[in-house]
Amino acid sequence: MPDISTLADLVGPQCLITDPDVMDRFLHDDAEWAPYETALAVLRPHDKQQVVAAVNWCIEHSVPIVPRGSGTGLSGGANAIAGCLVISFDRMQTILDVDPVERTATVQPGVVNDNLRARVADDGLWYPPDPASAPWSSIGGNVSTNAGGLCCVKYGVTSEYVLELELVNGLGELVRVGKRTAKDVAGYDFRGLYTGSEGTLGVIVEIKVRLVPLPTETRAIIGYFDSLVDAGQGVANVTAAGVIPAALELVDKYCLKAVDDWKNMGLSADAEVVLLASSDLLGEAGRAEAEKIVAAFESAGATMAAISEDKDEADAFFAARRLAYPALERLGPVLTEDVVVARSKVPEVLARIQEIGERNQVQLAQIAHAGDGNLHPLLVVPAGDDAARVRAQQAFEEILQAALDAGGTVSGEHGIGLLKMGGLSRELSAEVIAMHRAVKRALDPHNIMNPGKVFS
């Protein structure tokens, strides 16, 4: 066991936690039943030079490193490994620069997503990546998992907005990768490689992101459906109509009730499933797009479909979509899926997921970023019910396989971490896995960067 006091001499003892009771909250993310172990220490740095010093100390002493953002991850990617150094970026929350002319922002990794959005709104700008956890999740964590969210259907995932990354690599060097100008294709795309790498290739300490003009007009469209299959067909029909909404979300009645019981928001829906869409086109173009979405819902058998004239009602439904996961957690442990299929396959896969839940006798709640085929079935288990936990874990693996059978992928935004390693090994060929491992060996020659995650 290395002498931790030598690290304290380098980074300052006030930034280092070694008390097991205090460390505990830094040792895992929100992934249910993902294992974690006791760390050697937790580092809460104030600046990048402390991170450089810590990484080089870890190289010297063969100590694994686990980077951590806000801890809102759902795959176990930030879970501690025995004897590791957890580097938590909760003290590095400075928005370093906003350039309204070039439409960029430079931030430390601990900056919370919604805080960045609020800051750039002052300049009429917007940061589109919008995970449901945006009020709590950090940009660094979003970059590490290549997070998505409600607006991905039109605006894409985090990687489409990352311009530059400053990081400490596997040799302990502080390096900068990415684009210095609007167009830059010089060399390999290390920016893209590190985005979504879940801390397995280096530790990100600074991020420059691209911004876009803030939408000035939005319309919400709400559709009620009697079944998941009909709602899934509504999603497929929107795609077939050539419409790209700003958001297209699915929430079932179970989720809405859980949120309403918790927050007393006055939600009521005479439907088994609700589709929530929005258009941010201006003027008549926006109204025409909204009407096309209504028609797509109706052609799928919606019992009600309309452009919402009540902003408060529309806001409440979208808020309920964001609150679904924490609301369900109040009912017991929740195992969260994150699979993606082609939008035309959404009805078929939703039906198969429902069948998997019923056959395994697991309570399923269904939410989805349905507009891009990103499905998030939630498996809710009574607290302390070990038999139900085993059934839920079995259903989890079967849902991964259902997505693969439909030509989809095992993760769209939550990352692989610990929970999806088996699924990823089924999704990728042996040759492609070998390519991944070769990259890992080359960029992390000491094998200290979040080892044991993504690939066993």
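This is a predicted model: local features need pLDDT of at least 70, side-chain atom pairs count only at pLDDT 80 or more; totals for chains, interfaces and linings use all residues.
Colleague: Thanks. How many residues are in the largest nonpolar core?
Modeller: That core has 56 residues, and those with the most contacts inside it include Ile-221, Phe-225 and Leu-379. Helix 13, residues 386–405, gives the most to this core, with 9 residues.
Colleague: And what is Leu-379 in contact with, leaving aside its neighbours within four places in sequence?
Modeller: Its partners include Pro-333, Val-334 and Leu-335, along with Val-362, Leu-364, Ala-392, Phe-396 and Ile-399. There is also a second, separate core of 32 residues, with Cys-255, Ala-271, Val-274 and Leu-328 among them.
Colleague: Switching to helix 8, which of its residues are buried?
Modeller: Leu-228, Ala-231, Gly-232, Gly-234, Val-235, Ala-236, Asn-237 and Val-238 are buried. Helix 8 covers residues 228–240 and reaches 18 Å from its first C-alpha to its last, close to the 18 Å expected.
Colleague: What do those buried residues of helix 8 pack against?
Modeller: They pack against strands 12, 13, 14 and 18, and against helices 10 and 12. Just after helix 8, Gly-242 takes a positive phi of about 80°.
Colleague: Which residues line the largest cavity?
Modeller: Val-153, Val-238, Thr-239, Val-243, Ile-244, Pro-245, Leu-248, Arg-343 and Gly-371. By class, the lining has 6 nonpolar, 2 polar and 1 charged residues. Val-238 is part of that lining, and Val-238 is also one of the buried residues of helix 8.
Colleague: Is Glu-198 buried or exposed?
Modeller: Glu-198 counts as buried because its relative accessibility is 7%, under the 20% cut-off. Asn-450, in the segment after helix 15, also has a positive phi, of about 45°, and counts as buried at 1% relative accessibility.
Colleague: Last one: where does Asp-310 lie?
Modeller: Asp-310 lies in the loop between strand 15 and helix 11, and is partly exposed, with a relative accessible area of 39%. The C-alpha atoms of Asp-310 and Ala-220 are separated by 9.0 Å, though these residues are 90 residues apart along the chain.

Conventions. Residues are numbered from 1 along each chain as its sequence is written. Side-chain values use heavy atoms; hydrogens and water are left out. A nonpolar core is a set of buried Ala, Val, Leu, Ile, Met, Phe, Trp, Tyr and Cys residues joined through side-chain atoms within 4.5 Å. Buried means under 20% relative accessible area, exposed over 50%, partly exposed in between (1.4 Å probe, protein chains only). Helices (H or I, at least four residues) and strands (E, at least two) are DSSP runs, numbered from the N terminus. Contact means heavy atoms within 4.5 Å. The expected span of a helix is 1.5 Å times one less than its number of residues. On a 1 Å grid over the protein atoms alone, a cavity is a set of points where a 1.4 Å probe fits but cannot get out, and a pocket is an open set with protein on both sides within 12 Å along at least five of seven lines; lining residues have an atom within 4 Å of a point. Ala, Val, Leu, Ile, Met, Phe, Trp, Tyr, Cys and Pro count as nonpolar, Asp, Glu, Lys and Arg as charged, and the others, Gly among them, as polar.
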